[in-house]
Amino acid sequence: MALHVDRHRASDPTSASEPLLLLHGLGGDRHSWRPVLDGLRRNRDVLVAELPGFGASPPLPAAVAPTPPALAAAVAAMLDHEGLERLHVVGVSLGGWTALELALLGRARSVVALAPAGFWSKPLAPASGSARRVGRRLGPLLSPLLRVPPLRVQVLGGILGGLDRIEHRDALALIRGYVGAPDFARVDAAMRANVFDRSRLAELAASLPVHLVWCGRDRLVTPPRTPLPDTVHQHHLPNAGHLPMFDEPEAVVARIRAAVGAAEDGLLTAAVGD
């Protein structure tokens, strides 16, 4: 199974550093990263992968449960095909969880997980799927509806902290990716039925830089109540929602560039927090 990957070359190849891999969240696709892509590719190649069952990537086989570890294994196979052993990995939501699982497979130089899923205390209840059904019924009406600011607030208010910055094209791409993902329901069920194994986090963070970014206006994911290992770097974006690339693109680019730059400089023990 071949995942869809867009490779964006460094805009300044003379100063190119190690490549960066971006992993979207549940219901997302390659368009999730548009607001931050130019800022991230200034001095490094950026690979934007679409997880199995989203965008142009085919789902995992029916016999394989699409859990985050299984998604990470598919990404690892893609890296093998690309001839890449280890690289910096950034993920958002489910992509953040998948990035951590990829690091546990030994394929990451560093990890930045934005609003990472999986840090809940117990498995989540199944979702109803009603929002996706409504979105599919709207079909061609989505584009004109999303041009109306109050309707954008109603449709996207659950995932964004401040809608004044999102462009119409981005709002439309988000909704179309969400309602059109061929394996959304199966991946959603597998994600909700599991919890990230925090017992391995200390070992992982001792071997490579692990940065978790929590967002103050996130209505879907909140920081865990139990403390995480001191070796995990935790940061906060107070004005961002669950997809901070759209609310605070400059802050997201700065956080990722700082984390990746520190990893390349060998700074594995920076102080926790900002």
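Tutor: What follows is a close look at the sheet, strand by strand, and then at what surrounds it.

Two notes first. This is a predicted model, where local features need pLDDT of at least 70, side-chain atom pairs count only at pLDDT 80 or more, and totals for chains, interfaces and linings use all residues. Residues are numbered from 1 along each chain as its sequence is written, and side-chain values use heavy atoms, with hydrogens and water left out.

Let's begin with the layout. Seven strands make up an open sheet, and their order across it is β1-β3-β2-β4-β5-β6-β7, with mixed pairing. The names come from DSSP runs numbered from the N terminus: helices are H or I with at least four residues, and strands are E with at least two. Two strands are said to pair if DSSP finds at least two bridges between them. In general, strands of a sheet pair through backbone hydrogen bonds, in either a parallel or an antiparallel way. At the edges stand β1 (5-8) and β7 (233-237); each has a single partner strand, so one side of each is left without a neighbour in the sheet. From one strand to the next, the twist averages 20°. Angles like this one run from 0 to 180 degrees between N-to-C directions, using axes that are lines fitted to C-alpha atoms, for helices over the stretch in contact.

β1 is antiparallel to β3, and four bridges join them. Within that pairing, Asp6 has Val48 in β3 as its bridge partner. Helix α2 (residues 68-82) packs on the sheet here, where it touches β1, β2, β3 and β4, and its direction makes about 145° with that of β2. Contact here means heavy atoms within 4.5 Å.

Next comes β2, residues 17-23. Five of its seven residues are buried, so β2 is largely enclosed by the rest of the structure. Here, buried means under 20% relative accessible area, exposed means over 50%, and partly exposed lies in between (1.4 Å probe, protein chains only). On one pairing, β2 runs parallel to β3 (residues 44-49), and five bridges join the two. Ser17 stands opposite Arg44 of β3. To get from β2 to β3, the chain passes through α1, and this β-α-β crossover is right-handed. Right-handed has a plain test: with the strands pointing away from the viewer, the path from the first strand over the helix to the second runs clockwise. β2 also pairs with β4 (residues 87-92), in the parallel sense over four bridges. There, Leu21 has Val89 of β4 as its bridge partner.

Two loops that follow strands deserve a look too. Ser93 sits in the loop between β4 and α3 (94-104). Its phi is positive, about 55°, although Ser93 is not a glycine. Ser93 has 8% relative accessibility, so it counts as buried. Ala115 lies in the loop between β5 (108-114) and α4. Ala115 is also a residue other than glycine with a positive phi, near 45°. With a relative accessible area of 1%, Ala115 is buried.

Finally, look at helix α11, residues 249-264. This helix lies across β2, β3, β4, β5, β6 (210-215) and β7, and runs at about 155° to β5. What links α11 to β3 through side chains? Glu264 lies in α11 and Arg44 in β3, so the pair ties together parts that are 220 residues apart in sequence. Their side chains meet in a salt bridge, at 2.9 Å from N to O. A salt bridge is defined as a side-chain nitrogen of Lys or Arg within 4 Å of a carboxyl oxygen of Asp or Glu. A search of the whole structure finds 14 salt bridges. As for the two partners, Arg44 is buried at 6% relative accessible area, while Glu264 is partly exposed at 28%.
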